Amino acid sequence: MAANHFLDITDFSREGLREALNIVSYIKENRGAYSRDLDKSVVINAFFKSDRDTKAAFSNATVKMGGTPVDFEYNPDETLKDAVATMSAFGEVIVLSHNKKGAARAASLYATVPVINAGDG
């Protein structure tokens, strides 16, 4: 089964983007509707570049949806491919923020779970 990645806004069709925005509006109006969607799920926060606010936002959203955020410690001696393999083994979703443009798309090629691009480049 292929993972559904969220890498770039341009990956969406006009209809897909409209549907995503409708879902966001629904969530904002019905905050409790998704409060258990990540129940017993681990969301790996892999912030290779420092971004305190974005990291906190993803951790907060994970908790509000019933999941458990886990911070992934960056090892500069490890390749992105190896890091993503490790993250895929421990979590159901990877939130990736990286200083190199295209890192999230590259990670999606190696991941066996969905990758969310939290900023690259």
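Strand β3 (residues 93-98) runs parallel to β4, and four bridges join the two. This is a predicted model, where local features need pLDDT of at least 70, side-chain atom pairs count only at pLDDT 80 or more, and totals for chains, interfaces and linings use all residues. Residues are numbered from 1 along each chain as its sequence is written, and side-chain values use heavy atoms, with hydrogens and water left out.

**The sheet**
- Leu96 sits opposite Asn117 in β4.
- Overall there's an open sheet of four strands, ordered β2-β1-β3-β4 with parallel pairing; strands pair if DSSP finds at least two bridges between them.
- At the edges are β2 (68-71) and β4 (115-120), each pairing on one side only.
- Strands (E, at least two residues) and helices (H or I, at least four) are DSSP runs, numbered from the N terminus.

**Helices on the sheet**
- Helix α2 (residues 52-64) packs on the sheet and touches β1 (42-47), β2, β3 and β4, contact being heavy atoms within 4.5 Å.
- The direction of α2 makes about 180° with that of β1; axes are lines fitted to C-alpha atoms, for helices over the stretch in contact, and angles run from 0 to 180 degrees between N-to-C directions.
- Helix α4 (residues 103-110) also packs there, touching β3 and β4, at about 160° to the direction of β4.

**Lining of the largest pocket**
- α1 (14-29), α2, β3 and β4 each supply at least two residues.
- α1 gives the most, with seven residues.
- By class, the lining has 21 nonpolar (Ala, Val, Leu, Ile, Met, Phe, Trp, Tyr, Cys and Pro), five polar and three charged (Asp, Glu, Lys and Arg) residues; the others, Gly among them, count as polar.
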